[in-house]
Amino acid sequence: MKLGFVGIAVAVSVTVGAQADCPDYTTYAQAPQGDPSSGPLGLPYMRPELACRTFNSTSVEKVISDMKARLKDPDIARLFENTFPNTLDTTEENLAFIITGDITAQWLRDTGNQFAHYHSLLSIDQELATLVKAVINNEARYVSEYPYCGAFQPPPESNLPPSHNDWADDYEPLYPTQYEVDSLCGFIKLSASYYQATKDVSMMNTNWLSAIDQIFRVMNEQSQPSYDANFNFVSYYNWTGLPGSLPGMVVNGGNGEPKGYTGMVGTSHRPSDDLSVYAFLTPANAMLSVELTNLANILDDTNLAPNVSAHAKKWSQSIKQAIYEHGVFDDVFVYETNGLGSRYMMDDANVPSLLSLPYLGFLDKNDTAYVKTKKILMSRQNPYYAKGQNFSGIGGPHIDAWNPWPMSQISNIFGSEDDDEILESLYTVANNTAGLGLIHESINIYNGSDYTRPWFAWANSYFGEMLLDLAQRKPHLIFHDNEAYVPGQ
């Protein structure tokens with residue numbers, strides 16, 4: 001273990017995972033490694049050797065041991081063993097810089113989700129809590145200066161080489177420079193989760209409060225209509241992109257499609273990094289409403305910034321009201337709207353998604369509108385739902401229409417109380433790892449061996465989080481007994 005520093009001089013213990021004899025995990029994950037599980041799938045053990053892991057946590061190892069002892073399916077046990085520690089094993093890059101997998105860049109959204117399943121351990125694992133605090137401090141530094149950007153290169157003091165990006169290399173420390181409102185939600189989510197678990201108010205320092213101020217600035221700017229009363233075009237931020245860039249060119253001088261006023265916050269890009277068709281993304285605004293409430297709660301608990309707390313509560317309520325006024329049609333949630341009467345009915349696998357609304361905490365999984373919406377999303381009525389002989393789910397334009405993402409089946413589990421449906425989604429994922437025992441980004445419905453990213457850290461973390469959720473609310477489905485399990489208790 002060694003000490004590093006990030007943000008406002010926060011010490012972080014990390015392992016030296018970049019030793020010469022440690023394989024690059026992106027290469028390592030492309031082929032089966034350790035002994036197979038004893039179940040019919042024979043899934044390999046895919047964790048790096050202890051000396052090659054980027055962070056070690058005794059509390060995480062205990063959860064793995066506890067779950068393995070109780071999971072009745074050895075293949076599901078192996079998947080949990082591989083996925084639950086995946087972020088700590090493979091993506092912590094010295095100085096609390098968290099990569100999303102095979103790219104040395106840190107996404108605010110991915111990081112917020114990659115640590116969600118460790119929440120209950122932060123109160124009992126000081127080193128893990130210190131790591132998360134350091135991540136928050138590092139992100140606060142980024143957000144306070146570049147609130148419209150969702151991913152960043154390694155900080156200078158990390159001595160890590162930046163990742164090459166043809167469309168952002170001239171703008172270090174930025175990686176891609178497009179704006180996604182859910183990235184800001186991810187920063188609040190991680191902050192609230194950390195404080196709720198640790199009650200450590202020192203996280204809310206000057207840099208963090210500056211980042212929060214910048215988030216409100218973006219919210220105010222991106223909630224405005226495209227035209228003022230005199231038809232002057234209003235633009236606070238634009239990103240034109242370049243020909244050939246992954247998200248594509250942004251129309252209207254980088255401002256996207258014109259929008260009216262709704263009370264929601266607009267975004268030029270989706271959680272998938274793809275272009276929004278219409279600016280007001282319903283699931284991203286749902287997440288924003290939830291996280292603003294969480295922000296207000298932690299500020300109230302610490303008696304800090306009461307004006308910011310009041311502002312957060314007001315925005316949270318107005319956004320929620322706007323979602324039900326503009327983002328619901330015929331008792332069905334729509335994916336995007338422009339505030340001018342146009343709506344787009346679809347869903348994308350990336351969280352926040354419509355399918356993940358219960359996971360986000362926006363509504364109950366038995367909510368009438370959600371149940372109706374879900375039936376549409378997991379059917380041909382969703383243009384990005386696809387079903388093959390062995391794999392099915394929701395994808396998105398980030399890859400193509402016939403490559404659904406396992407993440408969508410995980411979201412479906414979070415949104416269901418039906419035992420049969422949960423098991424069907426669980427084994428749709430478990431049976432489609434191409435024998436690697438890791439969760440892919442997307443899978444071709446015509447050929448299960450044709451997938452993108454053998455190792456997608458966010459999806460692995462999401463799978464581990466889902467199994468822990470089932471361990472609490474549906475233990476009989478995955479355990480030998482019906483006794484709930486909560487890590488850290």
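Author: Start with a charge over a ring. K320 lies over the face of F362, at 5.6 Å from the ring centre. Keep in mind that this is a predicted model.

Reader: How many aromatic pairs are there?

Author: The count comes to 17 aromatic pairs. In one of them, the ring centres of Y148 and Y237 are 4.4 Å apart and the planes meet at 5 degrees, so the pair is stacked. This pair links distant parts of the chain, 89 residues apart. Y148 sits in the loop between α6 and β4, and Y237 in the loop between α8 and α9.

Reader: Are Y148 and Y237 buried or exposed?

Author: Y148 is buried, with a relative accessible area of 7%. Y237 is buried too, at 15%.

Reader: How do I describe a pair of rings?

Author: Use the distance of the centres and the angle of the planes. For Y324 and F333, the centres are 5.7 Å apart and the planes at 65 degrees, so this pair is edge-to-face. Y324 is partly exposed, at 36% relative accessible area. F333 is buried, at 0%.

Reader: What about strands?

Author: Strands of a sheet pair through backbone hydrogen bonds, either parallel or antiparallel. Here an open sheet of three strands has the order β5-β8-β9, with antiparallel pairing. β5 and β9 stand at the edges, each with a single partner strand, so one side of each has no neighbour in the sheet. Two bridges join β8 to β9. T337 stands opposite R343 in β9.

Reader: Which residues does L468 touch?

Author: Among them are F80, F84 and H117. L468 lies in helix α16 and is buried, at 5% relative accessible area. F80 and F84 also belong to an aromatic cluster with F115 and Y118.

Conventions. Residues numbered from 1 in each chain as written. Predicted model: local features only at pLDDT ≥ 70, side-chain atom pairs only at ≥ 80, totals over all residues. Heavy atoms only, no water. Helix = DSSP H or I, 4+ residues; strand = E, 2+ residues; numbered from the N terminus. Buried < 20%, exposed > 50% of the residue type's maximum accessible area, 1.4 Å probe, protein only. Contact = heavy atoms within 4.5 Å. Pairing = 2+ DSSP bridges. Phe/Tyr/Trp six-rings, centres within 6.5 Å; stacked < 30°, edge-to-face > 60°. Lys NZ or Arg CZ within 6 Å of the ring centre and 35° of its normal. Lists of a residue's contacts leave out its neighbours within four places in sequence.
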